Amino acid sequence: MERTLIILKPSAVQRALVGKVIDRFQQKGLTIAGIKMMKLDEKILREHYAHLVDRPFFPSLVESMTATPVIVMCLEGRDVVEVVRAMTGATNSRKAVPGTIRGDFGMSGQENIVHASDSPENAIIEINRFFRPEEIFDYKPITFTSIYAPDDLA
């Protein structure tokens with residue numbers, strides 16, 4: 001099974017949307033392999049958003065992402081990166097279609113509720129950035145055979 005990193009951003013925490021967002025992932029049939037609340041700092045944000053550090057909006061991104069603690073999750077499932085990206089919607093919430101997390105709960109490009117890994121390769125890097133190995137659990141929920149058909153696992 002593939003894994004991905006999700007960050008429920010301060011905009012989700014402040015607006016009490018954490019449970020609703022997690023519920024969507026669980027209703028889809030994705031497994032939570034790791035979850036915790038943590039306070040981000042500029043050091044980890046510079047690493048995580050290295051591709052944005054030189055952009056003029058980076059200071060406001062740091063301010064936004066450090067406003068409250070965040071919830072980080074490692075989700076597991078078949079093609080989970082692609083599935084989660086489809087569920088979260090466009091980065092700019094105003095352009096995200098209704099039915100997606102950002103389309104239903106957001107109105108901003110920055111205050112857009114959730115971060116999701118953009119590739120399986122980056123997911124591995126990001127999961128390792130936010131979780132120690134002993135914080136990730138390998139198990140199959142009792143509902144596993146109701147979520148996946150045998151040929152989904154081949």
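Trainee: Is His48 buried or exposed in this model?

Mentor: This is a predicted model, in which local features need pLDDT of at least 70, side-chain atom pairs count only at pLDDT 80 or more, and totals for chains, interfaces and linings use all residues. Residues are numbered from 1 along each chain as its sequence is written, and side-chain values use heavy atoms, with hydrogens and water left out. Buried means under 20% relative accessible area, exposed over 50%, and partly exposed in between (1.4 Å probe, protein chains only). Because its relative accessible area is 6%, His48 is buried.

Trainee: Which residues does His48 touch, not counting residues up to four places away in sequence?

Mentor: His48 belongs to helix H3, residues 42-48; helices (H or I, at least four residues) and strands (E, at least two) are DSSP runs, numbered from the N terminus. Contact means heavy atoms within 4.5 Å. With that sequence limit, the residues touched by His48 are Leu5, Ile7, His115, Glu126, Arg129 and Phe130.

Trainee: Why do the buried residues of H7 line one face of the helix?

Mentor: In H7, residues 120-130, the buried residues are Ala123, Glu126, Ile127, Arg129 and Phe130. Seen down the axis of H7, they line one face because they fall within an arc (of the directions from the helix axis to the C-beta atoms) of 155°.

Trainee: What is the relative accessibility of Ile35?

Mentor: Ile35 lies in strand S2, residues 31-38. Ile35 touches Ile22, Ile71, Val72, Met73 and Phe131, not counting residues up to four places away in sequence. Ile35 counts as partly exposed because its relative accessibility is 44%.
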